[in-house]
Amino acid sequence: MILQILLLCVGFVLLVKGADFFVDGAAGIAGKLGIPQLIVGLTIVAMGTSLPEAAVSITSALKGSAGITIGNVVGSNIMNVLVILGITAVITNVAIQKSTLYCEIPFMIGITALMIVFGITRRAVSFPEGVIFWILFIAFLAYLFVMSKKNKAAEEEAECQMSYLKCIIFIIAGGIMVVWGSDLVVDAASEIARAFGMSERFIGLTIVAFGTSLPELVTSVTAAKSGNAGIAIGNIVGSNIFNILFVIGTTALICNVPFESKFLIDSAVAVAAGVILWLGTIRHKELRRPCGGVMLVAYVGYFVYLCMN
């Protein structure tokens, strides 16, 4: 058992560092090819933060561990809002952009509700739903591109300091680390679940979700401490949208992802978390400490529910 816990931790480290290496290498290549940083940020970096969830979800689906597949994404999204933004708000008040408040948060809530509809009607997210998610994903990328171009001030493109060889090494090494890490996480989490009599759903919604949310947690808390907390809500909401559209959409294109009936409650909690975030920011146009406290208390209540079920 100690070995499985150790392998789980090693898997998380490989996932997080592998995603960092992959993003750095890919961004370096893009910079040398003259691809604008704007495009790099909206695609490579944004998807890079969802790379751990994608790797774990696809690996889980291929191994038949559906509880970890859906649980990882839904659990990560709940944790991103209630825990990460809750902790960030407790540290300092967090400003929110107008577009995030009126467009991106409602869109996040909407696609989560759409996932519930797919789960109720088909009991799985299959290839057609995967196509729908990918169409919405491309539309979201187009929206981000338009919004960023609209609000973007003139700036000089930073020159990449890495050589082509180093960039390629980073991409290959990062990819290997992510794949290997995801394999370790899925296997170790499944073994731990069986050993303690816990369901894969519980493991996916808690332990695996926390591990794959580490990049968002570190980024948001660091931003809050350095006085740049204003980017936290937009990044978290964007990450949640990527998790559903890109991660679940891509997984569904590879194989059907069964949607257990218990996930209806978890997905409803994810919708509720988005509603709490929206209601907590609509009045003052920022996420304040009291709402952060409410979020953390809400997650404690949700965790107690998971332990009892």
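Which helices each supply at least two residues of the nonpolar patch? They are helix H6 (127-151) and helix H10 (232-254). The model is predicted: local features need pLDDT of at least 70, side-chain atom pairs count only at pLDDT 80 or more, and totals for chains, interfaces and linings use all residues. Residues are numbered from 1 along each chain as its sequence is written, and side-chain values use heavy atoms, with hydrogens and water left out.

**Overall chain**

- The protein chain contains 12 helices and 4 strands, taken as DSSP runs numbered from the N terminus (helices: H or I, at least four residues; strands: E, at least two).
- Of its 309 residues, 50% count as buried, where buried means under 20% relative accessible area, exposed over 50%, and partly exposed in between (1.4 Å probe, protein chains only).
- Among contacts between residues at least 6 apart in sequence, 86% join residues at least 24 apart; a contact means heavy atoms within 4.5 Å.
- The accessible surface of the chain comes to about 13,700 Å², and 70% of this belongs to carbon and sulfur atoms. Accessible areas come from the Shrake-Rupley method with a 1.4 Å probe, and for residues only the protein chains shown count as cover.

**Nonpolar surface patch**

- Leu62, Phe127, Val131, Ile135, Leu253 and Ile254 make a nonpolar surface patch of about 550 Å².
- Patch residues have over 30% relative accessible area and no salt bridge; like charges are joined within 9 Å, and nonpolar side chains (Val, Leu, Ile, Met, Phe, Trp, Tyr) within 5 Å. A salt bridge is a side-chain nitrogen of Lys or Arg within 4 Å of a carboxyl oxygen of Asp or Glu.
- Helix H6 gives the most to the patch, with 3 residues.
- Leucine 62 lies in helix H3 and counts as exposed because its relative accessibility is 58%.

**Helix H3**

- H3 spans residues 51-62, and its 12 residues reach 16 Å from the first C-alpha to the last, close to the 16 Å expected at 1.5 Å a residue. The expected span is 1.5 Å times one less than the number of residues.
- The helix is largely enclosed by the rest of the structure, because 10 of its 12 residues are buried.
- Among these buried residues are Leu51, Pro52, Glu53, Val56 and Ser60.
- Glycine 64 follows H3 and has a positive phi, near 80°.

**Threonine 100**

- Threonine 100 is found in helix H5 (residues 98-122) and is buried, with a relative accessible area of 2%.
- Leaving aside neighbours within four places in sequence, threonine 100 is in contact with Ile105, Pro106, Ile233, Gly234 and Val237.
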